[in-house]
Amino acid sequence: NTSTFTMAGNNPTSGTGLWSIISGSATITNASLYNTTVTGVAAGASVTLRWTISNGVCSNSTDDVVISNNALPTTAAAGADQEQCNNGSFTLAGNTPTTGTGAWTVVSGTATITSASSPTSSVTGVPLGTSATLRWTISNGVCTPSTDDVVLTNSYPPDVANAGTDQANCQSGNFTLAGNNPANGTGAWTVISGTATITTPSAYNSTVTGVPAGTSATLRWTITNGTCTPTTDDVVLTNSNPPTTA
């Protein structure tokens, strides 16, 4: 993206030199100067110049040089991060460059890129439970490349939820839950029916208060992991009234 160049022809010891344009469009500042500047080379264009040294009736000596003004590459866009459940295959969604050429590389993690030069290449081999970061780089000549990253995640299915056995108290609305602690995924308690206050909804063994006497509350333990289908299980907490005195 720079239209000005400084030539580097040899300074003749015998004869005189002259620059001329063979192809393309440019302006030579001083055609007889071996190290003249040249301006006006359009972005994305190349110009061929000829340096001719002549001396009397002797045959001329010539040599050509190509100067190229590369256009800035298209700004890279690797697409939105992607997440799959128990599936290590993905389809990339990079942008197609109008200027320059693109190439995918693996920055971190494990993945196999089917066609590194295709913006919509398929990717395989992302191991279960891991993420891979891929970089889409668009380059054009000597210009600074443009890059953008995308993260591909292959999530484990969440553990099967187990909310524990139903619990019953007598005239006490306080309970301690006994859900399973997930190794894969994160859990959350919710009240499905009845009245109850969950102290720490994300804790598998949270305390619960405020179940009114003579009522039951149904709580659900949900384990989620990424885009995988959540697993759920319910538990019933009952706060019984004392029986009538016989």
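Strands (E, at least two residues) and helices (H or I, at least four) are DSSP runs, numbered from the N terminus. The model is predicted: local features need pLDDT of at least 70, side-chain atom pairs count only at pLDDT 80 or more, and totals for chains, interfaces and linings use all residues. Residues are numbered from 1 along each chain as its sequence is written, and side-chain values use heavy atoms, with hydrogens and water left out.

**View A. Leu33 sits in a loop between two strands.** The loop lies between β3 (27-28) and β4 (37-39). Leu33 counts as partly exposed because its relative accessibility is 34% (buried is under 20% relative accessible area, exposed over 50%, partly exposed in between; 1.4 Å probe, protein chains only). Leaving aside neighbours within four places in sequence, Leu33 contacts Trp19 and Trp51 (contact: heavy atoms within 4.5 Å). Met7 is 26 residues from Leu33 along the chain, and their C-alpha atoms are separated by 8.9 Å.

**View B. Three strands form an open sheet in the order β2-β5-β6.** The pairing is antiparallel (two strands pair if DSSP finds at least two bridges between them). β2 (16-23) and β6 (61-69) are the edge strands, each pairing on one side only. β2 and β5 (residues 45-54) share 7 bridges. Ile21 has Leu49 in β5 as its bridge partner.

**View C. Another open sheet of 3 strands runs β15-β18-β17.** Here too the pairing is antiparallel. β15 (175-176) and β17 (197-198) each have a single partner strand, so one side of each is left without a neighbour in the sheet. β17 pairs with β18 (residues 207-209) over 2 bridges. In β18, Thr209 is the bridge partner of Thr197.
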